[in-house]
Amino acid sequence: MEALTTRAKEVSRKPMSFAESLYIPNILKGMFITFGHMFKKQPTIRYPEQKREFSPVFRGLHVLNRDEQGRERCTACGLCAVACPAEAITMEAAERLEGEENLYREEKYAARYEINMLRCIFCGLCEEACPKDAIYLSETFAPANYSRKGFIYSKEDLVIPNPLTDPEGYAKAKGAPRAINN
Ligand code: SF4
Ligand code: SF4
C-alpha cells in the first residue's frame with residue numbers, strides 16, 4: 001500500500017545487545033530529560049488554585065442583566081434566539097401586570113428563559129443582537145457538571161443579582177466593564 005506521508009520509520013528488528021537488554025542507559029536518558037524539564041518554565045497552571053487571567057474580550061457564561069433600579073431588562077423580543085447560530089436559546093414571553101413595574105422594565109418580559117450551554121459556542125451574537133442591553137457574556141464560565149440537564153441554564157441561573165438588595169453580588173456577576181457593554 002502506498003504511504004500517505006514520508007514520516008514512517010522502519011523498525012529495527014535486530015536482537016538487543018547485552019548492554020541494551022539492561023535498559024539502564026535508556027532509563028537514565030529518560031530521567032535526564034525529566035530532570036531537565038524541572039528547571040524550565042511550566043506551560044501549565046495549577047487550576048483551580050491558580051487561575052489564568054482572561055483576555056479582555058473573553059466571552060463566558062451569560063448573564064441576564066437588570067437596570068440600576070433592579071428591574072429585569074429583558075423584554076422577551078426573541079432577537080437573541082433568532083441571532084443564535086446554535087439555536088441554544090428558548091424563551092416564553094409574558095405581559096407585565098399592574099404593580100410589577102418594579103420587577104420588569106418593559107411591558108413584556110421573559111417568564112421563561114433558557115440557554116443550553118452544551119449547544120452554545122460562546123460567539124456573543126446574542127449579546128450583539130439584544131436591543132435592551134439585557135444579555136451579555138460575563139467573565140466566568142459554565143462549571144463542569146455530571147448531567148446534560150445541568151447545562152440547561154434557566155432564567156433563575158442567569159439573572160444577575162439585584163443591585164439594590166445585593167450590590168456586591170451584582171458587581172461580582174457584572175465583572176470588569178467591557179467596551180461592548182458600555
Ligand atoms: S453566545 Fe452565541 S451560541 Fe451562545 S447563546 Fe449566544 S448566540 Fe447562541
Ligand atoms: S435578551 Fe435581549 S434580545 Fe434576548 S429576548 Fe431579551 S431583550 Fe430580546
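Me: How do the residues lining the largest cavity divide by class?
Reply: Into 10 nonpolar, 2 polar and 1 charged. Nonpolar here is Ala, Val, Leu, Ile, Met, Phe, Trp, Tyr, Cys and Pro; charged is Asp, Glu, Lys and Arg; the others, Gly among them, are polar.

Me: What sort of model is this?
Reply: A predicted one, where local features need pLDDT of at least 70 and side-chain atom pairs pLDDT 80 or more, while totals for chains, interfaces and linings use all residues. Residues are numbered from 1 along each chain as written, chains are lettered from A and ligands numbered from 1 in written order, and side-chain values use heavy atoms, without hydrogens and water.

Me: Back to the largest cavity. Which residues lie nearest its centre?
Reply: Cys74, Cys77, Cys80, Cys130 and Ala134, out of 13 lining residues. The space in the largest cavity is about 90 Å³. On a 1 Å grid over the protein atoms alone, a cavity is where a 1.4 Å probe fits but cannot get out, a pocket is an open set with protein on both sides within 12 Å along at least five of seven lines, and lining residues have an atom within 4 Å of a point. Points join across faces, edges and corners, and volume is the space filled by probe spheres set on them.

Me: How many cavities are there in the whole structure?
Reply: The search finds 3 of 30 Å³ or more. The second largest cavity has a volume of about 70 Å³. Its lining has 10 nonpolar and 2 polar residues, with no charged ones. Among the residues lining the second largest cavity are His62, Ile115, Phe122, Cys126 and Leu137.

Me: Where is His62, and is it buried or exposed?
Reply: His62 sits in strand β1 and is buried, at a relative accessible area of 4%. Buried means under 20%, exposed over 50%, partly exposed in between (1.4 Å probe, protein chains only). Helices (H or I, at least four residues) and strands (E, at least two) are DSSP runs numbered from the N terminus.

Me: What does His62 touch?
Reply: Leaving out residues up to four places away in sequence, His62 touches Ile115, Met117, Cys120, Phe122, Cys126, Ile135, Tyr136, Leu137 and Leu158. Contact is heavy atoms within 4.5 Å.

Me: Met117 is in that list. Where is Met117 found?
Reply: In the loop between β3 (108-116) and α4 (125-129). Although in a loop, Met117 is buried, with a relative accessible area of 7%. Beyond its neighbours within four places in sequence, Met117 is in contact with Leu61, His62, Phe122, Ala142, Phe151, Tyr153 and Leu158.

Me: How far apart are Met117 and Arg46?
Reply: They are 71 residues apart in sequence and 25 Å apart in space, C-alpha to C-alpha.

Me: New topic, the largest pocket. What volume does the largest pocket have?
Reply: About 280 Å³. The largest pocket is lined by 17 residues, and Val63, Ser138, Thr140, Lys172 and Ala173 are the closest to its centre.

Me: Which elements supply at least two residues of the lining?
Reply: β1 (62-64), α5 (155-158) and α6 (167-174) each do. The largest share, 4 residues, comes from α6. By class, the lining of the largest pocket has 8 nonpolar, 5 polar and 4 charged residues.

Me: And the chain overall, how many helices and strands?
Reply: The chain has 6 helices and 5 strands. From the N terminus, the order is α-α-β-α-β-β-α-β-β-α-α. The radius of gyration is 27 Å, well over the 16 Å from the globule rule for 182 residues, so the chain is more spread out than a compact globule. That radius is taken over C-alpha atoms, and the rule is 2.2 Å times the number of residues to the power 0.38.

Me: What box do the C-alpha atoms fill?
Reply: Roughly 90 × 45 × 30 Å along the principal axes. Of the 182 residues, 29% count as buried. Of the contacts with a separation of 6 or more, 72% are between residues 24 or more positions apart.

Me: Which peptide bond is cis?
Reply: The one from Tyr47 to Pro48, with omega near 10°. Pro48 is in the loop between α2 (24-37) and β1. Most peptide bonds are trans, and most residues other than glycine have a negative phi.

Me: What is the phi of Ala76?
Reply: Near 55°, which is positive. Ala76 is in the loop between β1 and α3 (79-83) and is buried, with a relative accessible area of 7%.

Me: And Glu87, buried or exposed?
Reply: Glu87 is exposed, with a relative accessible area of 60%. Glu87 lies in the loop between α3 and β2 (89-95) and has a positive phi of about 50°, though not a glycine.
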